[in-house]
Amino acid sequence: MKYVDEYRDPEALRRAAGRVLDGATRPWTLMEVCGGQTHAILESGLDALIAERVTLLHGPGCPVCVTPLETLDRAVSLAGTPGVILCSFGDMLRVPGSRGDLFGARARGGDVRIVYSPLDAVRLAARTPEASVVFLAVGFETTIPSVAAAARWARKQGLTNFFLLASHVRVPPALAAILEAPGCRVDAFLAAGHVCTIMGTSEYEPIARRFRVPIVATGFEPLDILQGIALAVDQLERGEARVEIQYRRAVRPGGNPAARAIVEDVFAIGDRPWRGIGVIPDGGFVMRESWAGFDALRAFPDLLSEIPRESPACRAADVLRGVLRPPECPEFGRGCTPDRPLGAPMVSAEGACAAYFHYRIAGAAGEAGAESIA
Amino acid sequence: MSRAYDPNRLASPICPLPVESDLITLSHGAGAGASARLFEQVLWPHLKNEALGARHDGAVLDAGGARIAFTTDTFVVRPIEFPGGDIGVLAVHGTLNDLAMCGARPIGLSCALILEEGFPLATLGRVVASIAGAARASGVEVVTGDTKVVERGKGDGIFVNTAGVGIVPPGRDLRPARVEPGGIVIVSGPIGCHGAAILSVREGLEFDSDIVSDTAALPDLVESLLDAAPGTRCLRDPTRGGLGAALHEIASAAGVEIEIEELSIPVTEPVRVVCELLGLDPLFLASEGRLVAFVPEAEAERACAALRSHPLGRDAVRVGRVLAGRAGVVVRTRIGARRFLPLPAGDPLPRIC
C-alpha cells in the first residue's frame, strides 16, 4: 500500500534507528504529542531500538482521553433526553463519564448513533426534523474543520434541529503548560503531523524560542517517528531549538488555509478544561456568538446538576505532562485497568496508560514485557 | 476439562467509576472481551458441564458408541444481503463450519426463523433459497425447523438460527485444550474479508470496494487437512472477533502462549486499505470461510500443502507457533520486538483521527 509500506519497512526502520543512535552523544528525553504516534510506537516496539539514547514520554494527544468528564456526562444525559439523537465518533461510546458510558445510555433506551463524519449527523438532522440531532464534537485541530463545516452546512440548509456538544482542544497551549510544569523532563517535542497539516507550524515558533526546545512536526508511521526523533536529536546535539517539519508530504508551514478559515468562522480560541489536567488558558475552541443557535450547551442548559470530579487516585495529570510514566503509577494495572479505568489515559486505545497496559503487560501486572529480540 | 477462563484476573475489586454492568450492551455480542465475561459470569455458573467447558465451537457427545458433534448458532447480520452472500448462506456455512472445527462430518441441519411482521415475502424466499442452495452444495439437508413471527418493531426483519449434528470419526479430538507448546499455527487464507465486506455496505458507512465476503463451507477442506496431518491438535474458524479473539480463546483454554509474526498474517490489499482508513485491525475482523489450525511441527509442511491444494485454502500460510510462556497472544513485530496482542472489549470502533 503506497504511503504505508515504505514507512514500515523493517530495514529502513533499523537504518533510521541507527542514525538516531549515531547522532546522540548523550541520553535525551523526547515527548511525542499525538496519541496516534504513541500507539504506533508501542505497537511496533520501535522505542526498544533507540532506548539506549532516547527516552520517549507520551504526551496529552489522545482526544478521547482529554475530553472532560463533564462533557461525557452531558453527552450521556443528552442521550437519555426524549427527542434527542446523539451522534458520536465510535471510540467515544466506551469512554466512561461519572455516570457510565454511551453504550450504557443506549442500552437504557437512549438513541445513540455512530457516525463516521459530522456531515452524516447533519444529513440525519435533515431527514428527521422531529428530532434534535446533537453531534458530540471532540478532538484536536485535526477534527475541528469537519465539525465547523457541518455547522455551516446545517445553517445553509436552514436546519434548526442540529447542535454541537463541542469540546475541541488545541495543542500549542498544552505544550506550553507541560514545559511550565515543575519537574518537566522534556528536551524536545514531536508535534502531531495531522494537527500541523491543518494549522501549520507558526504557532509553535514562540514556544520553541521561549522554552529553547526543538519541535518537529512528525508523521504517524514508524519510519516517520524515527526520522522525527533523528531531526530532534540533531538539533539538541547542535544546541538548536527550531520548529522543523519531518512530515513534509502533508505539512506546510501555513497549514491548510481553507480549513483554517472554516474553523475561524465558527469557533474562537478560548479557555478549555482538559480531563486530567484542568483548565488550560486558550486551550481550546468555543463556538462564536454568531453560531449560538447550534450550540448544544445553550439549547440544553440543564443537563448536569453538578460538575463531576475526577478520582483523586488518578495521576493522569502527571502522566499527560510526562512527569510520570504509566507503569510508574501505583494504581497502574492494579486499581486501574482498561475495563475499570481510574482516569482518562487508561480509557482509549490511544491513551498512554492503555497503550502500555495492552502492549506491555496485558495479563502480567507489574511485569514489563516487550523485550527486544531484534 | 479445560481450565476455567478468568478474563478478570487483573481487575481490582474496587470499581471507582460506575462502569455499566447491569444491562446488556452491544459489546456483549461482539465475540471479544465483554462476550467472554458474559459467558464466564452469567452463563457458565448456571450451565457448567464438561462438554461446554471444552470451549469448543461445538460439543462432542457420546451417543451409544458413536461420537456426535452438536452445535448451534444464531445470525443477526445487517444488512441481510451483502457482497458475496446473505444471511441464509451464512447461517448454513456458520453451523457447518462449527461442526467441521470439531472434526465432524455433518449429517443434518435445523433452521429456525424469527420474522418481523411486515418482512417482505420475496426477500424471505431469496433467503430460504440461499439456505437450501448452501446446504445442497455441502451435501446436507435441513431436516427440521421452526418459524415464529414477532410484532413490528420487536425484531430486525429476520433472525436465523441453525443447529447441526455431525459424526466425529474415531480418534479425532480437536478440543482447544489439546494445543501444546511446539505446535505451528496455520491460517487457511486472507483474514477479515467478511467483516470488511459487511462494513462496506453498513448504513452510514457505504464505501466503494471490491471486497466480497469469504463465506464458505469448510468440512471438505478440513477432511483434506486431517488426511494429510492427522496429528492436528485443534481447529477454529475465526468468525466474530476475528483471528485475534480466536487465538485468545485458544491460548487461555490451553494455557499456552501463541506467538504470531506480524508480517506473516495474510490480509488482502483492499482489506488492509479499509482497515487503515477506519483505524481498524484486520486481526479482529470476522472471516466466515477461513480456519486456523494448530498442527505439530513435523506435520506443518504437509498440512500447508494439503490446504493449498484445495480451492478454499490456496493461500494457506504459517503465521506463528505455540510456546510454553504465559497464556496469551504475543505479536512479533516487523522489527523483531515482542508485544502482547490486546483483546478489545467489544466490536472494533472506527477512531476519531
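Student: What share of the 353 residues of chain B counts as buried?

Tutor: In this predicted model, 52% of the 353 residues of chain B count as buried. The cut-off is 20 or more other C-beta atoms within 10 Å of the residue's own.

Student: Why is chain B called as compact as a globular protein of its length?

Tutor: Chain B holds 9 helices and 14 strands. Its radius of gyration is 20 Å, and the globule rule gives 20 Å for 353 residues, so chain B is as compact as a globular protein of that length. Along the principal axes, the C-alpha atoms fill a box of roughly 55 × 55 × 45 Å.

Student: Why is Arg152(B) called exposed?

Tutor: Arg152(B) has 10 C-beta neighbours inside 10 Å. A residue is exposed at 12 or fewer, so Arg152(B) counts as exposed. Arg152(B) sits in the loop between strand 6 (142-150) and strand 7 (158-167) of chain B.

Student: Which residues is Arg152(B) in contact with, leaving aside its neighbours within four places in sequence?

Tutor: They are Glu116(B), Glu117(B) and Gly118(B). Glu116(B) lies 36 residues from Arg152(B) in sequence, yet their C-alpha atoms are 5.6 Å apart.

Student: What makes strand 1 and strand 6 of chain B edge strands?

Tutor: The open sheet has 5 strands in the order 1-2-7-5-6, with mixed pairing. Strand 1 (59-63) and strand 6 each pair on one side only, and these are the edge strands. From one strand to the next the twist averages 20°.

Student: How do you know that strand 5 and strand 7 of chain B pair?

Tutor: At least two bridges are needed for a pair. Strand 5 (residues 105-116) and strand 7 have 10 bridges, in the antiparallel sense. Within this pair, Ile114(B) stands opposite Phe159(B) of strand 7.

Student: Which helix of chain B packs on the sheet and touches strand 5, strand 6 and strand 7?

Tutor: That is helix 4 (residues 121-137), whose direction makes about 175° with that of strand 5.

Student: Why is helix 5 of chain B called largely enclosed?

Tutor: 7 of the 9 residues of helix 5 (residues 193-201) are buried, so the rest of the structure largely encloses this helix. Among the buried residues are Cys193(B), His194(B) and Leu199(B). Their cover includes strand 3 (81-82), helix 7 (242-254) and helix 8 (269-278) of chain B.

Student: What makes strand 13 of chain B largely enclosed?

Tutor: 5 of the 5 residues of strand 13 (residues 328-332) are buried, so this strand too is largely enclosed by the rest of the structure. Gly328(B), Val330(B) and Arg332(B) are buried on one side, and Val329(B) and Val331(B) on the other. In a regular strand the side chains alternate between the two faces of the sheet.

Student: Which strand of chain B pairs with strand 13 in the parallel sense?

Tutor: Strand 10 (residues 257-261) does, over 5 bridges, and Glu257(B) has Gly328(B) as its bridge partner. Strand 14 (residues 338-340) runs antiparallel to strand 13, joined by 3 bridges. Strand 13 and strand 14 form a hairpin with 5 residues between them, and Gly336(B) in the turn has a positive phi of about 90°.

Conventions:
Residues are numbered from 1 along each chain as its sequence is written. Chains are lettered from A and ligands numbered from 1 in the order in which they are written. This is a predicted model: local features need pLDDT of at least 70, side-chain atom pairs count only at pLDDT 80 or more; totals for chains, interfaces and linings use all residues. Helices (H or I, at least four residues) and strands (E, at least two) are DSSP runs, numbered from the N terminus. Two residues are in contact if their C-beta atoms, placed from the backbone, lie within 7 Å. Axes are lines fitted to C-alpha atoms, for helices over the stretch in contact, and angles run from 0 to 180 degrees between N-to-C directions. The radius of gyration is taken over C-alpha atoms; the globule rule is 2.2 Å times the number of residues to the power 0.38.
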